[in-house]
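I opened this entry to look up the overall build of the chain and what sits on its surface. The notes follow in the order I took them.

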Amino acid sequence: MKLRSIIIWTAVALVGAAGWAVLALSRGENVNAVWLLAAALGSYAIAYRFYARFIVRRVLGADDRRATPAERLDNGIDYHPTDRRILFGHHFAAIAGAGPLVGPVLAAQMGFLPGTIWIVAGVIFAGAVQDMVILFFSMRRNGRSLGQMARDEIGPVGGAAALVAVFAIMIILLAVLALVVVNALAQSPWGVFSIAMTIPIALFMGFYLRVIRPGKVVETTVIGVVLLLLAIVAGGWVQDSSWAPFFTLSPSALSLWLIAYGFVAAVLPVWMLLAPRDYLSTFMKIGTIALIAIGIAVTMPTLKTPAFTDFAFNGEGPVFAGSLFPFVFIIIACGALSGFHALISSGTTPKMIQKETQVRMIGYGSMLMESFVAVMAITAACVLTPGLYFAMNSPAGVVGATVESAAQAVTNLGFVITPEQLSAAADAVQEETLIARTGGAPTLAVGISQIFSGFLGGAGWQAFWYHFAIMFEALFILTTVDAGTRVGRFMLQDTIGNVWKPISRVSWWPGLIVTSAVVVAAWGYFLYQGVNDPLGGINQLFPLFGIANQLLAAVALTVATTLLIKSGRLKWAWVTAIPLAWDAAVTLTASWQKVFSSDPTLGFFSQRDRYQTALDQGQLLAPAKTRGEMEQIVLNSTVDGILAALFAILIIVVIVDALRVWIRVIRSGETLPTAEAPYEESKIFAPAGLIATREERAMMAKSSPDG
């Protein structure tokens with residue numbers, strides 16, 4: 001390493017270390033949010049430069065001389081060599097859903113420090129590693145899905161358990177994500193118009209880049225971003241025009257449109273809609289997050305939430321029940337480690353990547369970016385006064401429906417806020433009330449609006465920035481739904497292909513249409529039931545969202561560890577085995593508590609018994625207002641408990657069966673055959689990183705037809 005590089009990276013390490021030192025050593029005094037920013041960015045830079053590079057070169061042995069499936073199997077539908085910048089945008093947009101926005105906001109209940117530590121450390125050693133390693137191994141297997149890789153590499157028992165678990169969890173995750181989008185966009189003509197316009201813009205970009213001006217990525221990007229900004233501004237005009245009723249959709253209507261969009265996005269060629277739309281959405285996502293970081297650096301707000309609250313230790317918080325371990329890790333979910341990402345890394349992306357070394361930028365780098373989103377989310381929540389935070393995120397049963405009752409309830413929790421302050425906060429963002437706006441998204445929007453208005457427009461613009469943030473959150477999540485639907489189609493085709501081979505051809509039109517329809521119908525059913533039955537349908541799956549997602553990560557890390565061991569990389573297996581052990585301990589502990597806890601605020605079956613006993617005695621318990629709603633809560637709790645137990649059992653089967661394979665390899669001292677595709681020489685050249693090096697530019701010039 002050159003002297004200049006040593007100086008630069010030493011400075012980066014010192015900045016990150018200083019940030020962590022201030023966060024960890026502060027006791028009682030307010031901490032400036034800039035230190036949180038420094039700790040995160042310094043840690044990410046060191047991890048990407050050194051740890052990710054070590055894994056790609058030493059552990060995985062990425063080889064750019066080897067042709068990827070995008071090059072070998074290019075068919076213009078699912079397999080298509082895609083510019084690394086476009087693919088980075090697609091991958092980041094596909095993985096970055098509700099989790100990094102909402103989870104950290106809810107985790108702020110326990111203070112800013114535990115959530116921040118897990119977001120940063122978790123992504124460096126677990127989340128980004130999982131995404132990159134699964135992307136690499138799927139790419140080496142022609143883009144096989146996670147469930148199919150489990151079946152091929154672990155065996156029929158563990159593989160069958162993995163296939164069932166992965167597909168079932170996938171449907172639940174998609175339904176929950178879709179419901180968040182519906183809730184954010186319902187009755188919002190501005191948001192519906194702006195997001196709807198991203199579809200024709202993306203179609204235009206796809207044709208422009210493929211047919212009109214092939215290879216002109218920068219040119220296409222400029223046109224797309226300009227059109228996107230116009231769509232956002234025009235959304236405000238539409239909201240105040242005669243067109244508003246047309247774009248003002250009920251939750252039911254919006255869910256049907258979303259179901260239709262999911263089907264179309266899963267069927268059309270990937271270059272036509274999915275990749276350019278996700279790439280386009282990435283600019284808004286990254287741009288907004290960058291603005292938040294700039295706003296923090298400029299306004300230097302203080303973190304008003306303490307490092308730890310009492311709820312971190314007593315487990316009795318009003319936002320969610322449970323102690324710091326294991327539930328802060330479950331609630332944060334996607335911001336640090338997400339099983340859903342493994343589905344994208346073994347779904348669309350491995351069929352589009354040009355070169356093997358690009359897994360570092362696309363797999364590891366995209367996950368670092370998502371983790372930074374989570375850091376910005378927890379920062380935005382913690383710059384609010386704790387009184388406002390708990391008034392917004394506590395359920396109506398705790399804070400009531402008036403500013404007076406909310407102020408009193410929050411004061412009883414140990415945080416002071418007045419009715420006048422609650423009213424002023426709602427007026428500032430032009431909302432009727434901010435009381436009991438649970439779920440995390442409204443809280444994040446208020447935090448973002450305060451940061452933005454501090455350096456862009458002043459207090460008079462806070463309402464504008466609040467509604468902009470709500471639309472930004474909806475767009476953020478929607479891109480996960482469309483990519484996830486396509487991945488679900490791949491998974492179903494792989495699974496059925498074990499019985500009937502023709503349908504496993506992912507680009508066979510009859511097969512892709514039928515399987516796309518099945519996947520959309522599955523999550524669409526739960527979505528539609530959820531928006532029409534607030535006490536039933538998809539709402540019963542909300543408590544399972546975090547646990548299911550982390551259990552899915554356990555499957556991915558198990559597959560990754562198995563492949564490292566089977567391919568003769570036993571000495572490097574700790575790279576995925578250590579995060580697997582941690583993830584399994586966290587998620588199985590959480591599953592046990594959710595199933596068997598005697599606390600009705602925590603355990604599903606104890607909650608069921610409480611409401612069933614009241615039902616038998618003719619009593620009504622909040623939030624139920626009728627006997628029918630009481631019966632629905634009993635059903636919800638029962639289904640939650642059964643699914644939590646089922647998912648945990650399936651994951652245990654996968655891990656135990658994988659252990660059998662590991663022991664066999666270790667005892668024999670020999671490698672076992674894997675399902676890796678045969679080597680084939682690559683005929684294309686592309687840079688490994690976002691910006692081509694001098695050597696890479698020379699190689700591209702030499703390999704071009706004009707060179």
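Accessible areas here come from the Shrake-Rupley method with a 1.4 Å probe. On that basis I looked up the accessible surface of the chain, which comes to about 26800 Å². Carbon and sulfur atoms account for 66% of that surface. I note that this is a predicted model.

Next I looked up the fold elements. The chain has 29 helices and two strands. Its radius of gyration is 25 Å, close to the 27 Å that the globule rule gives for 707 residues, so I record the chain as being as compact as a globular protein of that length. Along the principal axes, the C-alpha atoms fill a box of roughly 70 × 55 × 55 Å.

Of the 707 residues, 59% count as buried. Taking contacts between residues at least 6 apart in sequence, I find that 82% join residues at least 24 apart.

Which residues form a nonpolar patch on the surface? I list Phe-204, Phe-207, Val-211, Ile-212, Val-218, Val-222, Val-226, Leu-227 and Leu-230, with about 790 Å² of accessible area together. Helices α9 (189-212) and α10 (217-239) each supply at least two residues of the patch. The largest share, five residues, comes from α10.

I took one patch member on its own. Val-211 lies in helix α9.

Methods. Residues are numbered from 1 along each chain as its sequence is written. This is a predicted model: local features need pLDDT of at least 70, side-chain atom pairs count only at pLDDT 80 or more; totals for chains, interfaces and linings use all residues. Side-chain values use heavy atoms; hydrogens and water are left out. Patches are made of residues with over 30% relative accessible area and no salt bridge: like charges are joined within 9 Å, nonpolar side chains (Val, Leu, Ile, Met, Phe, Trp, Tyr) within 5 Å. A salt bridge is a side-chain nitrogen of Lys or Arg within 4 Å of a carboxyl oxygen of Asp or Glu. Helices (H or I, at least four residues) and strands (E, at least two) are DSSP runs, numbered from the N terminus. The radius of gyration is taken over C-alpha atoms; the globule rule is 2.2 Å times the number of residues to the power 0.38. Buried means under 20% relative accessible area, exposed over 50%, partly exposed in between (1.4 Å probe, protein chains only). Contact means heavy atoms within 4.5 Å.
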